[in-house]
Amino acid sequence: MKSEFWDVPDGKLAAVVTHLQMFERPAPRGVPNVTATLVEHAKPDLDWYRDLFSRVGADWMWFSRQGMSDAELAAIIHRDDVHMYAVDVDGRAEGMLELDFRVDGECELGYFGLTPAMVGTGAGRWLMEHALDKAWAQPIKRFHVHTCTLDSAQALPFYMRSGFTAYRRQVEIADDPRKVGVLPATACPQEPVI
């Protein structure tokens, strides 16, 4: 068995992306008792959204929305066919769920995550059951998501346990957002800056 290595240019990051999908709502799973409320935000305030996006995703190199202008960000998250929810705990958003229905008959699990304070509480399974209910309540034939090796090592097995099946793998190479000022240099400490 032969393996190959490809150089990643300085200032870039490489990640293996796994695409997953499902074609019907899996049987509901029991969920733990979570002291939280799922709150829909039809047209979220951009500063509020960026703060939550950062608190949920900075450790996992979530950067795609951080470098957007206000107009670019609003053009996505203020659409009627993009549904944004926050996991509210005592009046503070501690997680996010974004369902993207822009493609007819499909839903993409655009963003799904919790702040570090919520990890390990059962809130992930609770949030996924809400995601499945809300996605399949619409007239869709396919629900899909992608994750990558920059994300938590728990993400891919979690999606598979939730009923998604992997169907495609790609390599993504992007500018390191810490080197271009989109994320602080301390973001995603497990991924060295080169």
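This is a predicted model: local features need pLDDT of at least 70, side-chain atom pairs count only at pLDDT 80 or more; totals for chains, interfaces and linings use all residues.
Biologist: OK, then is Asp-90 buried or exposed?

Modeller: Asp-90 counts as exposed, because its relative accessibility is 80%. You'll find Asp-90 in the loop between E3 and E4. Those labels are DSSP runs numbered from the N terminus: helices are H or I with at least four residues, strands are E with at least two.

Biologist: Where is Met-61, then?

Modeller: Met-61 is in the loop between H1 and H2. Met-61 counts as buried, because its relative accessible area is 3%.

Biologist: Let's do H1. How many residues does it have?

Modeller: H1 runs over residues 46–57, which is 12 residues. From first C-alpha to last, H1 reaches 16 Å, close to the 16 Å expected at 1.5 Å a residue. That expected span is 1.5 Å times one less than the number of residues.

Biologist: Which residues of H1 are buried?

Modeller: Leu-46, Tyr-49, Arg-50, Leu-52, Phe-53, Val-56 and Gly-57. They cover an arc of only 165° around the axis, so they sit on the same side of H1. The arc is taken from the directions from the helix axis to the C-beta atoms.

Biologist: What covers them?

Modeller: The cover for the buried residues of H1 includes helix H2 (70–77) and strands E3 (82–89), E4 (92–100) and E5 (106–114).

Biologist: What happens at the start of H1?

Modeller: There, a side-chain oxygen of Asp-45 comes to within 3.1 Å of the backbone nitrogen of Asp-47.

Biologist: At what angle do H1 and H2 cross?

Modeller: Roughly 85°, with the two axes coming within 11 Å. That makes H1 roughly perpendicular to H2. The contact uses Leu-46, Tyr-49 and Arg-50 from H1, and Asp-70, Leu-73, Ala-74 and Ile-77 from H2. Contact here means heavy atoms within 4.5 Å. The axes are lines fitted to C-alpha atoms, for helices over the stretch in contact, with angles from 0 to 180 degrees between N-to-C directions. Under 35 degrees is roughly parallel, over 145 roughly antiparallel, 65 to 115 roughly perpendicular, and the rest oblique.

Biologist: Which residues are buried in H2?

Modeller: Leu-73, Ala-74, Ile-76 and Ile-77. Their arc around the axis is only 165°, which puts them on the same side of H2. H1, E3 and E4 are included in what covers them.

Biologist: Back to Tyr-49. Which side chain joins Tyr-49 in a polar contact?

Modeller: The side chain of Glu-98, at 2.8 Å. A polar contact is a pair of N or O atoms within 3.5 Å; within protein, one must be able to donate a hydrogen and the other to accept it, and residues adjacent in sequence count only if both atoms are side-chain atoms. Glu-98 is in strand E4, and counts as buried because its relative accessible area is 1%.

Biologist: New topic: how many residues of H3 are buried?

Modeller: 10 of its 14, so H3 is mostly covered by the cut-off above. Among them are Trp-126, Leu-132 and Ala-135.

Biologist: What does Ala-135 touch?

Modeller: Leaving out residues up to four places away in sequence, Ala-135 touches Leu-99, Phe-101, Cys-107, Ile-140 and Phe-143. Ala-135 is buried because its relative accessible area is 0%.

Biologist: And where does Val-34 lie?

Modeller: Val-34 is in the loop between strand E1 (12–22) and strand E2 (37–40). At 14% relative accessibility, Val-34 counts as buried. Not counting residues up to four places away in sequence, Val-34 touches Met-118, Thr-121, Gly-122, Ala-123 and Trp-126. Ala-123 and Trp-126 are among the buried residues of H3.

Conventions: Residues are numbered from 1 along each chain as its sequence is written. Side-chain values use heavy atoms; hydrogens and water are left out. Buried means under 20% relative accessible area, exposed over 50%, partly exposed in between (1.4 Å probe, protein chains only).
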